[in-house]
Amino acid sequence: MQLNQQFLEIVEKYKQDNEKFEVYSYVFKYVETDEEFYYYILYKKYRQGKGNMVLSSIRGLIDKQEAVKIAYFFLTHNGTANAANHVINKNRKRSKEYVEELMELLLKNRHLLKPLQSSIDIVIDILTLQAKNTERINQIYQDLLELDQRIHTGTKVLTEKLWQKGRNLIKDYDALVYSEVKEVINNIPEAEKIMSYLNERRHFSFIDRFKARKILRKMERLYGAEAKQDLQNSLEGFEKDFQGNFFTKTRGELSTDEYVQFIHQMAEYEYKKNLLEICRNP
């Protein structure tokens, strides 16, 4: 985005030693039809963000509190786009076909695991959940990319409606992953029983050992030591900044949706508090 001479002079006035600035490539409007829109300016020193400024197309330099409110729209949308490209993209690499293939192998060969029928049923339930969630995660990913592309290469305008759509998609993703991670961690001992049994060659005939090995390799990818640590890290990622779970006085533990809503509210409060410290608006 190009700033006029008047706005360039304002931005230069608040620039500190050895700093450069960049203007975001899109603007913000509350509603698409609004005449007034907002620029976001980022001050950088040696490629590190050091401060920001928000300018109104009509009013120019606005007060700090309003600037922080507008900056939050810009930066959390940017965070939504980054989440799609990094965090969500990583999780979507789990193939639905892979999960369904493991499910089919367990069902077809459950006769090889006679002492562990209840464990198989539990793992099948987990795999069913993961197959369903994988499909939804991929849809969220595509929706976020399309939303971001519309803003960056299309209209060049972020509206409050589009911003809210992006945040809702992130909340859906968080709720989906958080509930799945808790469910898998709670039931992973059942998967470990099956993997331990499959690893004992004495349980199987020569031919069946090949089948057992194939199932074991696939299960280790989803529930082995490395996968288990990744799950634990994911759970801690949700809870480490919020001191574990939350409870209400009358109903006990919050539901997954309530929990995600609550941590997003806490994150918004902290985000705006930090923005207030680096905002260059007076």
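Which helix holds phenylalanine 210? Phenylalanine 210 sits in helix α6, which spans residues 206-223. The legends below start there. The model is predicted.

**Close-up 1. A nonpolar surface patch includes phenylalanine 210.** The patch is formed by Phe206, Ile207 and Phe210. Together these residues have about 400 Å² of accessible area. Phenylalanine 210 counts as exposed because its relative accessibility is 57%.

**Close-up 2. Arginine 59 and glutamate 36 form a salt bridge between two loops.** The N to O distance is 2.7 Å. Arginine 59 lies in the loop between β4 (48-56) and β5 (60-61). Glutamate 36 lies in the loop between β2 (27-29) and β3 (38-45). The pair therefore ties together parts that are 23 residues apart in sequence. Arginine 59 is partly exposed, at 43% relative accessibility.

**Close-up 3. Aspartate 121 pairs with arginine 110 in a salt bridge.** Their closest N and O atoms are 2.9 Å apart. Aspartate 121 belongs to helix α4 (residues 117-155). Arginine 110 belongs to the loop between α3 (96-108) and α4, so the pair ties together parts 11 residues apart in sequence. Both partners are partly exposed: aspartate 121 has a relative accessibility of 38%, and arginine 110 has a relative accessible area of 23%.

**Close-up 4. Glu36, Arg59 and Glu66 belong to one salt-bridge network.** Shared partners join the three residues. A search of the whole structure finds 17 salt bridges. One of the pairs links lysine 15 and glutamate 12 through their side chains, at 3.1 Å from N to O. Lysine 15 is partly exposed, with a relative accessible area of 30%. Glutamate 12 is also partly exposed, with a value of 40%. Side chains of opposite charge can pair when their charged atoms come close.

**Close-up 5. Asparagine 52 is a buried residue of strand β4.** Its relative accessibility is 2%. The side chain of asparagine 52 makes a polar contact with the side chain of tyrosine 40, at 3.3 Å.

**Close-up 6. Leucine 116 is buried in the loop between α3 and α4.** Leucine 116 has a relative accessibility of 12%. Not counting residues up to four places away in sequence, leucine 116 touches Lys193, Ile194 and Tyr197. Lysine 156 is 40 residues from leucine 116 along the chain. The C-alpha atoms of leucine 116 and lysine 156 are separated by 57 Å.

**Close-up 7. Tyrosine 46 has a positive phi although it is not a glycine.** The phi of tyrosine 46 is about 50°. Tyrosine 46 is found in the loop between β3 and β4. The residue is exposed, with a relative accessible area of 63%.

**Close-up 8. Arginine 47 also has a positive phi.** The phi of arginine 47 is near 75°, in a residue other than glycine. Arginine 47 lies in the loop between β3 and β4. Arginine 47 is exposed, with a relative accessible area of 78%.

Key. Residues are numbered from 1 along each chain as its sequence is written. This is a predicted model: local features need pLDDT of at least 70, side-chain atom pairs count only at pLDDT 80 or more; totals for chains, interfaces and linings use all residues. Side-chain values use heavy atoms; hydrogens and water are left out. A salt bridge is a side-chain nitrogen of Lys or Arg within 4 Å of a carboxyl oxygen of Asp or Glu. Buried means under 20% relative accessible area, exposed over 50%, partly exposed in between (1.4 Å probe, protein chains only). Helices (H or I, at least four residues) and strands (E, at least two) are DSSP runs, numbered from the N terminus. Patches are made of residues with over 30% relative accessible area and no salt bridge: like charges are joined within 9 Å, nonpolar side chains (Val, Leu, Ile, Met, Phe, Trp, Tyr) within 5 Å. Accessible areas come from the Shrake-Rupley method with a 1.4 Å probe; for residues, only the protein chains shown count as cover. A polar contact is a pair of N or O atoms within 3.5 Å; within protein, one must be able to donate a hydrogen and the other to accept it, and residues adjacent in sequence count only if both atoms are side-chain atoms. Contact means heavy atoms within 4.5 Å.
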